[in-house]
Amino acid sequence: MAAIGRVIWLLVSLILVGRSLGETYSSRLIHRFSDEAKAQAAGQGKEGFWPTRKSMEYYQMLLTSDFQRQQIKLGPKYQLLVSSEGSQTISSGNELGWLHYTWIDIGTPYTSFFVALDAGSDLLWIPCDCIQCASLSASPYSNLDRNLNEYSPANSSTSRHLACSHALCELGSSCHNSGQQCPYMAQYYTENTSSSGLLVEDVLHLSSSSGNFSKASVQASIIIGCGRNQTGGYLDGVAPDGVMGLGLGEIAVPSFLAKSGLVRNSFSLCFNEDGSGTMFFGDHGLTSQQTTSFLLLNGKYSTYIVGVEACCVGKDSCLKQTNFEALVDSGSSFTFLPEAVYEKVVQEFDRQVNATREYYEGYPWKYCYKSSVQENLHSPSVVFVFKSNSSFVIRNPLFPVHGDQGIIGYCLAIQSIEGGIAVIGQNFITGYQMVFDRENMKLGWSHSDCQDRSKEKTIPLPSPSGRPPTPLPTNEQQSTSNGHTGAPAFARKAPPKASNAPSECSPLLLLFLVQVILLLRLWLPEHETHFTVVTWLWQCLFHCHSTADILIQ
């Protein structure tokens, strides 16, 4: 009864608010697509697409904005998304350069690509109409269960060239005209390593991860780099089939999925010591996980930087003046510390370890130890204490050295780096489920064996089948005031028509009913009267089905 009373109070309040609008202060309004607004934007140096008033594009952009605002309240469509090939990741490489990869499907008909996962960069690029690309048959990828592929936009019916005028075309100023196809150049940390080519819009094939319930196939529009030229490590075969950037940039795959309203703006990576792993889009991790906040870099959130307050070696030795900022980077095989911090950590480790120092030719680390069994090494623990006072225990900081007879020693897999920004690489995050919570700008972690969580029993959100690909966010949607990905936006399809009766109500009443339904879904999501009340309101709404078709579909 109390819930029904609140419903009545809500209805009366909304009516009273509507009647009181005439008594409020007045102000001059400017429509977002008016000539005056366009002139103001031009005066501020902001350019973009301005639709002709009352054109099809004009109404489409208005509806997109309305649905985006609704989706902020209604939440994302799916709890978790994985690649259509599954959530599994695979470790591959050589003894001094291991990365994690996953299979993804792109285009129509789709083509599969074995891409490296890189949280330290943004763009997803794949070899495409190659001029200078790595061999797709080189070791160690020749033992995979399928061949690596090269992409061609001409072979995909869903591919579209990205114009230089698009908001995500960083090199647009170098184009001869705004309609030209947008070029890209991605530079990486490794010296002389890059990928360049043209930007293309196409669909990424995904699958909802919903436990024992039926899974839905999802096609999301994204922007990819048609990588025609690779240099450095990529030309040498580090990632011959491409790289999936998972960074904070608007062009990264997690940004597109969140802005399209498919999942919440978060993802997780988990790498196991046996080389297996998982990746989930929309994953916020466990409630019991530890967290620390991401830090601003040059005044904005541009990458996954965290603050380390101290390094501790052994049980009782937290070293002074060992604070630093670090990039959490799944695309880096190993960990790098600022030189001053590095010297303190490795020297304290060497002081506590009970093994003989050894030099192994070809290995980049200075602190290596002769031992055939790691258990006999009795190495001290290494712990990072973050600014949130949470502790990150390095599961295994040692890297095995192999000889003709098997393991002959171990090295402390840390190197020094010039500059103030450290890199926490794969070897330090192995054994954890790492959650990159981009909504709250936090890094989360918890011990994990990296199992496929798609087998867990979870309650899925509604997932109508047969949906077209989720459209690419517009230029207007790409821009947010805080510098990082905004709230999800997704236009839900209207329910089937309930009646063929002619329209008998005004658009004002229709809009009133829509707002009541949205508020009730937020207010009484778990109450037993929720379904009955909302169903009755939907019936009232679709009694005016002709107007509803225009406003909702």
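The legends below describe close-up views of a predicted model.

**View 1. The chain as a whole.** The chain has 553 residues, and 49% of them count as buried. Its secondary structure consists of ten helices and 26 strands. Among contacts with a separation of 6 or more, 69% are between residues 24 or more positions apart. The accessible surface is about 27,900 Å², and carbon and sulfur atoms contribute 52% of this area.

**View 2. Helix α5, residues 339-352, from end to end.** At 1.5 Å a residue, the 14 residues of α5 should span 20 Å. The C-alpha atoms at its ends lie 20 Å apart, which agrees with that expectation.

View 3. Six side chains are shown for the buried side: V341, Y342, V345, V346, E348 and F349 are buried in α5. These residues cover an arc of only 160 degrees around the axis, which means that they lie on the same side of α5. An α-helix has 3.6 residues a turn, so residues three or four places apart point the same way. The face turned away from the buried side of α5 carries A340 and R351, which are exposed.

**View 4. An open sheet of four strands.** The strands follow the order β17-β18-β22-β21, with antiparallel pairing. β17 (357-358) and β21 (398-403) are at the edges; each has a single partner strand, so one side of each has no neighbour in the sheet.

**View 5. The pairing of β18 with β22.** Strand β18 (residues 368-370) runs antiparallel to strand β22 (residues 406-412), and three bridges join the two. Y369 has Y410 of β22 as its bridge partner.

Definitions and conventions. Residues are numbered from 1 along each chain as its sequence is written. This is a predicted model: local features need pLDDT of at least 70, side-chain atom pairs count only at pLDDT 80 or more; totals for chains, interfaces and linings use all residues. Side-chain values use heavy atoms; hydrogens and water are left out. The expected span of a helix is 1.5 Å times one less than its number of residues. Buried means under 20% relative accessible area, exposed over 50%, partly exposed in between (1.4 Å probe, protein chains only). The arc is that of the directions from the helix axis to the C-beta atoms. Two strands pair if DSSP finds at least two bridges between them. Contact means heavy atoms within 4.5 Å. Accessible areas come from the Shrake-Rupley method with a 1.4 Å probe; for residues, only the protein chains shown count as cover.
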